[in-house]
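Subject: Structure handover

Hello,

Here is the structure for you to look at. Please open it alongside this email.

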Amino acid sequence: MPKIKTHSGAKKRFKLSGSGKPIRSHALKSHILTKKTRKRKRSLRQTVVADATNQRQIKRLIPYK
């Protein structure tokens with residue numbers, strides 16, 4: 001079997017946790033930050049486990065991570 005190519009965009013956006021679940025960052029944190037509350041911006045800094053409906057697809061995109 002040949003090697004599977006890793007998706008370049010996915011390898012920059014996701015990493016796997018110790019248990020193998022994909023971890024992602026929050027969106028909406030790059031600009032127009034003045035109207036967002038301090039609490040909201042602080043919570044957007046945190047990483048979160050990707051939704052269960054997308055986990056299989058993400059794992060396929062980053063097979064060697």
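Below are the findings, from the whole chain down to single residues.

First, the ground rules. This is a predicted model, so local features need pLDDT of at least 70, side-chain atom pairs count only at pLDDT 80 or more, and totals for chains, interfaces and linings use all residues. Residues are numbered from 1 along each chain as its sequence is written, and side-chain values use heavy atoms, with hydrogens and water left out.

Overall fold

The chain has three helices and three strands. Both are DSSP runs, numbered from the N terminus: helices are H or I with at least four residues, strands are E with at least two. In sequence order the pattern is α-β-β-α-β-α. The radius of gyration is 15 Å, well over the 11 Å that the globule rule gives for 65 residues, so the chain is more spread out than a compact globule. That radius is taken over C-alpha atoms, and the rule is 2.2 Å times the number of residues to the power 0.38. Along its principal axes, the C-alpha trace spans about 50 × 20 × 20 Å.

Of the 65 residues, 18% count as buried. Buried means under 20% relative accessible area, exposed means over 50%, and partly exposed lies in between (1.4 Å probe, protein chains only). The chain exposes about 5,700 Å², with carbon and sulfur atoms supplying 53% of it. These areas come from the Shrake-Rupley method with a 1.4 Å probe; for residues, only the protein chains shown count as cover.

Now contacts, meaning heavy atoms within 4.5 Å. Among those between residues at least 6 apart in sequence, 56% join residues at least 24 apart.

The sheet

The three strands form an open antiparallel sheet, ordered S1-S2-S3. Strands S1 (15–16) and S3 (47–49) are the edges, each pairing on one side only. Pairing requires that DSSP finds at least two bridges between two strands. S1 and S2 pair over two bridges, in the antiparallel sense. Leucine 16 stands opposite proline 22 in S2.

The core

Which residues make up the largest nonpolar core? There are five: Ala10, Phe14, Ala50, Ile58 and Ile62. Such a core is a set of buried Ala, Val, Leu, Ile, Met, Phe, Trp, Tyr and Cys residues joined through side-chain atoms within 4.5 Å. Alanine 10 is in contact with Leu61 and Ile62, leaving aside its neighbours within four places in sequence.

Glutamine 55 sits in helix H3 (residues 52–61). Glutamine 55 is buried, at 16% relative accessible area. Beyond its neighbours within four places in sequence, glutamine 55 contacts Lys21, Pro22, Val49 and Ala50.

Residues to check

Two residues stand in the loop between S2 and H2: leucine 28 and isoleucine 32. Leucine 28 has a positive phi of about 65° although it is not a glycine. Leucine 28 counts as exposed, at 57% relative accessibility. Isoleucine 32 has a positive phi too, near 55°, and is likewise not a glycine. Isoleucine 32 counts as partly exposed, at 47% relative accessibility.

Lysine 3 belongs to the segment before helix H1 (8–13). Lysine 3 is exposed, with a relative accessible area of 77%. From lysine 3 to leucine 44 is 35 Å in space, C-alpha to C-alpha, and 41 residues in sequence.

Best wishes
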